[in-house]
Amino acid sequence: MVNTHLHFDHAGGNTRREGSRVVPTFPRARYVVQRGEWEDARHPHERSRASYREDDFVPVAEAAQLDLIDGEAEVAPGVRAVPVGGHTTHHQMVVVESGGETLIVPTDLLPTASHLPLPFVMAYDLFPVATLEAKRQLLGAAADGGWRILFYHDARTPVGRVRREGDGYTLEVDP
Ligand SMILES: [Zn+2]
């Protein structure tokens, strides 16, 4: 499985309690994390500290299930982890290609469908201008390629495609 980053609202499912211990939720999985994100989570600063909980990721390393990668990597056939930065220094998205279709899981790069306008970036982002540039690149490619986008934090519109309209993008949701 891929952790786009190690904030608790994304990595909280990595582990579970078993009696007094915390163990990986998926005992046979490997957990793919960017090495830089791992290091930032282990050594957070005053701004990021509240977003990282060691119980979400240290037990994964202790169980020898952590798979640290440096940069873009194919983590399974047709599944790529691609660094995008912005939200955290080493935040990555997931690209799934299957049967001629492409699904993007940008997580906190595009948390909800309401974040399609380029300047709509989250106050949580460490590098908002990097988020804006990564969005510009992703949305252009997604519109041109007809890719589906999964909006991790959007309960109403979990998946859609984008289409160029004027300077921006509109969403098309599958019927
Ligand atoms: Zn986050």
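At 23% relative accessibility, R148 counts as partly exposed, a term for residues between the buried class, under 20% relative accessible area, and the exposed class, over 50%, as found with a 1.4 Å probe on protein chains only. This is a predicted model, in which local features need pLDDT of at least 70 and side-chain atom pairs count only at pLDDT 80 or more, while totals for chains, interfaces and linings use all residues. Residues are numbered from 1 along each chain as its sequence is written, and side-chain values use heavy atoms, with hydrogens and water left out.

R148 lies in strand β9, where strands are DSSP runs of E with at least two residues and helices are runs of H or I with at least four, numbered from the N terminus. If neighbours within four places in sequence are set aside, R148 is in contact, meaning heavy atoms within 4.5 Å, with E101, T102, L103, I104, V159, G160, R161 and D174. From R148 to V2 the distance is 18 Å, C-alpha to C-alpha, and the two are 146 residues apart in sequence.

The loop between β9 and β10 holds T157. T157 is buried, because its relative accessible area is 19%, and, not counting residues up to four places away in sequence, T157 touches A113, F151, L171 and V173.

Helix α4 covers residues 128-145, and its 18 residues reach 25 Å from the first C-alpha to the last, close to the 26 Å expected at 1.5 Å a residue; the expected span is 1.5 Å times one less than the number of residues. An α-helix has 3.6 residues a turn, so residues three or four places apart point the same way. Which residues of α4 are buried? They are T131, A134, K135, L138, L139, G140 and A142, and these buried residues pack against β7 (92-98), β8 (101-105), β9 (148-150), β10 (159-165) and β11 (168-172). After α4 comes G146, whose phi is positive, near 70 degrees.

In helix α2, which runs over residues 35-42, the buried residues are G36, E37, W38 and A41, and what covers them includes β3 (31-34), α3 (58-62) and β4 (66-69).

The zinc ion is coordinated by H5 (NE2), H7 (ND1), H87 (NE2) and D108 (OD), at 2.1 to 2.4 Å. Donors here are N, O and S atoms within 2.8 Å of the metal (3.2 Å for Na, K and Ca), and since water is not among the atoms, sites may look incomplete. Along the chain, the donors of the zinc ion follow the spacing H-x1-H-x79-H-x20-D. H5 lies in the segment before α1 (8-11) and D108 in the loop between β8 and α4, so the pair ties together parts that are 103 residues apart in sequence. H5 counts as buried because its relative accessibility is 0%, and D108 counts as buried at 3%.

The domain assignment, which comes from an automatic or database source, gives domain 1 (1-70) and domain 2 (72-175). The contact between them takes 19 residues from domain 1 and 20 residues from domain 2. The area buried between domain 1 and domain 2 is about 1,500 Å², of which carbon and sulfur atoms give 55%; buried area is the accessible area (1.4 Å probe) that two parts lose on being put together, summed over both. In domain 1, T4, Q34 and R47 lose the most area to domain 2, together 33% of what that side buries.
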